[in-house]
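Keep the 3D view open while you read.

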Amino acid sequence: VKVYGQDYNPRSYAVAASDLLIKGQKDSRIELGNTLINDCFSDMHWFDYLLANPPFGVDWKAEKKEIDRWPDFRGYKGKLPRINDGALLFLVHMISKFADYKPGNKDLPGSRAAIVFNGSPLFTGGAGSGESDIRRWIIEHDQLEAIVALPEQMFYNTGIGTFIWVVTNRKAKHRKGKIQLIDARERYTPMKRSLGDKRRYLDQTALDAVTREHGALDNSKTSRVFDNIDFGYRRITVLRPLRLRFEITDDARERFLDTCPELYDALLSIEDRMGTEPQSDWNIVWAQVQNIVKTLPDDQGWAKGGKGTAQRKIFRECFTTVDPDAAPVIAK
């Protein structure tokens, strides 16, 4: 086994590099560099296995200026995620290192990746966003094999829930077009002594159980298998005609006259002729209100110009409420 890796954090880099030196891994390499903009292994494109635990919720604003000048990001030409969380960019980078795959051909072995995410890459961004487009790109290439939900309090510096995404371009034949979700949140063992926020771990029994579930590819209490298409959706806007109920109440009358005291006589005339009972067809009500106001002296009705428009708007806001059972408001 030859190990290659890089890290932006000098301390993490030093620990990893010294670890390999101590173990005598002469053919392995650990480099110091920013993975997103400085690929220290740009001349190497094929790796058998890729593992990563990128930072959770860390923005990539500093890297965006340079990445925006590129024609694509590691071969991915779609939208990129928002700058407040670049976790999915690490996954795109890993996929760019996949070996080509052809069944039965040892020279085209394919690759497999596992990456630790928090919940954000699962659900952040609606249809058409950068995050959604990356998820769509991975699923439409049939590379997302499984997602494993881990227990909370598994990591030293955070207690939030985390997930392992298993991504590969060499899915077994019976996994083609399928995505497996495994729930391992309750399979933890408490630590005798906590380490920062880390208070739990997965013992060998739990690891074996998850491995067996993954291998079985069956539906059970803690495992679900879905078709790729089950995760696809589009976001549409449904516009429903506005429906208003008209009613003159004491509270509404008070609010209206506080704002438009000059329309006191007009309101009395409207109330006298239309009453205070609720009416569910605003189109008819508004036509009647306009006719009543037209019969009043000029100094008692709607003002001219913009002030009159504002008065009409305030009248509607005070004396109407949205009612799904009312008649649709028809805009002319």
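Two rings of Phe, Tyr or Trp (for Trp, the six-membered ring) count as a pair if their centres lie within 6.5 Å. Keep in mind that this is a predicted model.

Q: How many aromatic pairs does a search of the whole structure find?
A: The search turns up 17 of them.

Q: Why is the pair Trp-282 and Trp-286 called stacked?
A: Their ring centres sit 5.3 Å apart, with the planes at 20°. The centres have to lie within 6.5 Å for a pair, and planes under 30 degrees apart count as stacked. Both tests are passed, so stacked it is.

Q: Where do Trp-282 and Trp-286 lie?
A: Look in helix α9 (residues 282–294): the two are four residues apart there, which is about one turn of the helix.

Q: What makes α7 roughly antiparallel to α10?
A: Helix α7 (residues 250–259) and helix α10 (residues 306–319) pack at about 160°, their axes 9 Å apart. Angles over 145 degrees count as roughly antiparallel, so α7 and α10 get that name. As for handedness, α7 passes α10 in a right-handed crossing.

Q: Which residues of α7 and α10 meet?
A: From α7 come Ala-252, Arg-253, Arg-255, Phe-256 and Thr-259, and they meet Gln-311, Ile-314, Phe-315, Glu-317, Cys-318 and Phe-319 of α10. Sort the residues of this contact and you get six nonpolar, two polar and three charged.

Q: Why are α3 and α5 called roughly parallel?
A: The axes of α3 and helix α5 (residues 130–140) come within 11 Å and cross at roughly 30°. The cut-off for roughly parallel is an angle under 35 degrees, and therefore α3 and α5 qualify. Their crossing is left-handed.

Q: What residues make the contact of α3 with α5?
A: α3 brings Leu-88, Leu-91, Val-92 and Ile-95, while α5 brings Glu-131, Ile-134, Trp-137 and Ile-138. By class, that contact has seven nonpolar residues, no polar ones and one charged.

Q: What makes β3 and β10 edge strands?
A: Six strands form an open sheet with mixed pairing, in the order β3-β4-β6-β5-β7-β10. β3 (49–52) and β10 (223–227) each pair on one side only, so they are the edges.

Q: How do you know that β3 and β4 pair?
A: Pairing takes at least two bridges, and four join β3 to strand β4 (residues 112–117). The two strands run parallel, and Leu-50 stands opposite Ala-113 in β4.

Terms used. Residues numbered from 1 in each chain as written. Predicted model: local features only at pLDDT ≥ 70, side-chain atom pairs only at ≥ 80, totals over all residues. Heavy atoms only, no water. Axes fitted to C-alpha atoms, helices over the stretch in contact; angles between N-to-C directions. Parallel < 35°, antiparallel > 145°, perpendicular 65-115°, else oblique. Left-handed = near helix turned anticlockwise from the far one by under 90°. Contact = heavy atoms within 4.5 Å. Nonpolar A, V, L, I, M, F, W, Y, C, P; charged D, E, K, R; others polar. Phe/Tyr/Trp six-rings, centres within 6.5 Å; stacked < 30°, edge-to-face > 60°.
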